[in-house]
Amino acid sequence: MSDKSPGVAAQIPLNLRFQPEQRFATFVTPTGATALAVVQDALVQPTVCLLQGAADTGKTHLLLAACHGARQLSKRVAYVALNAVGGHAEHALAAAEDAQLIAIDELGSLAEDSNGQVALFHLLNHARARGASVLLASQRSPAELGIGLPDLVSRLNAAVRVPLQMLDDEGRREVLRLRAQSQGLEFDEAALDWLLTRADRRLTVLMGLWRQLDHASSVHKKKLTLPFVRETIGDQLR
């Protein structure tokens with residue numbers, strides 16, 4: 001494994017803790033069956049896969065679900081969020097080289113980082129030689145990322161492309177239902193209707209509110225009824 005600068009290792013969660021909701025079973029997307037099949041395949045068969053979709057389409061969820069699945073198979077995993085490592089992408093990617101499944105989030109963060117681009121190119125070559133799988137996530141196609149290293153663009157274009165799409169309201173409802181089931185959280189449909197009508201539609205926002213409700217339900221030993229939900233988060237919604 002290559003050298004890495006002090007402090008970088010703490011930003012690379014090689015010993016990942018996975019939230020219960022970040023699982024294959026709780027992943028919902030209009031193209032879910034195809035996306036899941038490709039990513040689950042990467043757990044047992046070496047591949048390079050690019051998850052592509054706008055913000056809030058579940059890319060990070062799927063990457064972390066894959067890491068959890070690989071961990072369950074006793075494989076070494078690494079997750080690198082390139083937007084969170086600042087100017088240390090080169091070291092973060094080098095630190096992930098020995099993993100059997102490598103998940104790289106926010107690929108667009110490499111646009112202005114020539115050293116990081118070279119490091120990713122070497123990581124992809126190293127993974128192929130070792131028979132490791134690499135899952136990457138990006139909002140844009142490789143040609144649109146502003147990557148100046150042609151060989152890296154070529155490698156990324158050769159990856160298995162998995163397009164992800166935004167959920168409609170019924171899809172968001174299903175996400176919340178699955179999260180509730182995974183957490184043993186009881187709720188009334190009326191409370192869910194009220195939340196979806198008034199809350200920001202972004203899943204990251206909805207999940208933040210759902211975690212607040214889960215915590216409040218646990219503390220007060222109450223089911224998520226409409227009055228309880230209104231009382232708990234009503235002042236945060238329009």
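Here are some notes on the fold, the sheet and the helix contacts of this predicted model.

1. Ground rules. This is a predicted model, with local features needing pLDDT of at least 70 and side-chain atom pairs counting only at pLDDT 80 or more, while totals for chains, interfaces and linings use all residues. Numbering starts from 1 along each chain as its sequence is written, and side-chain values use heavy atoms, with hydrogens and water left out.

2. Overall layout. The protein chain has nine helices and five strands (DSSP runs numbered from the N terminus: H or I of at least four residues for helices, E of at least two for strands). Along the sequence the pattern reads α-β-α-β-α-β-α-β-α-β-α-α-α-α. Of the 238 residues, 48% count as buried (under 20% relative accessible area, with exposed being over 50% and partly exposed in between, using a 1.4 Å probe and protein chains only). Take the contacts (heavy atoms within 4.5 Å) between residues at least 6 apart in sequence: 74% of them join residues at least 24 apart.

3. The sheet. The five strands form an open sheet with parallel pairing, in the order β2-β3-β4-β1-β5 (two strands pair if DSSP finds at least two bridges between them). At the edges sit β2 (77-81) and β5 (160-163), each pairing on one side only. Neighbouring strands are turned by 15° against each other on average, direction ignored.

4. Strand pairings. Strand β1 (residues 48-52) runs parallel to β5, and four bridges join them; here L51 stands opposite V162. Towards β4, β1 has five bridges, again parallel, and Q52 has S138 as its bridge partner. Strand β3 (residues 101-105) also pairs with β4 in the parallel sense, over four bridges, with A103 partnered by L135.

5. How covered is β4 (residues 133-138)? Mostly: six of its six residues are buried. S133, L135 and A137 point one way, V134, L136 and S138 point the other way, and all are buried.

6. Helices α6 and α7. The axes of α6 (residues 169-183) and α7 (residues 189-198) come within 11 Å and cross at roughly 130° (axes are lines fitted to C-alpha atoms, for helices over the stretch in contact, and angles run from 0 to 180 degrees between N-to-C directions). That makes α6 oblique to α7; angles under 35 degrees count as roughly parallel, over 145 as roughly antiparallel, 65 to 115 as roughly perpendicular and the rest as oblique. The crossing is right-handed, meaning that the near helix is turned clockwise from the far one by less than a right angle, with anticlockwise being left-handed. D169, R172, R173, L176 and R177 of α6 meet E189, L192, D193, L195 and L196 of α7. By class that gives four nonpolar, no polar and six charged residues (nonpolar: Ala, Val, Leu, Ile, Met, Phe, Trp, Tyr, Cys and Pro; charged: Asp, Glu, Lys and Arg; polar: the others, Gly among them).

7. Helices α7 and α8. The axes of α7 and α8 (residues 203-220) come within 11 Å and cross at roughly 140°, in a right-handed crossing. Which residues meet here, from α7 and α8? L192, L195 and L196 in α7 meet L206, L209, W210 and L213 in α8. This contact has seven nonpolar, no polar and no charged residues.
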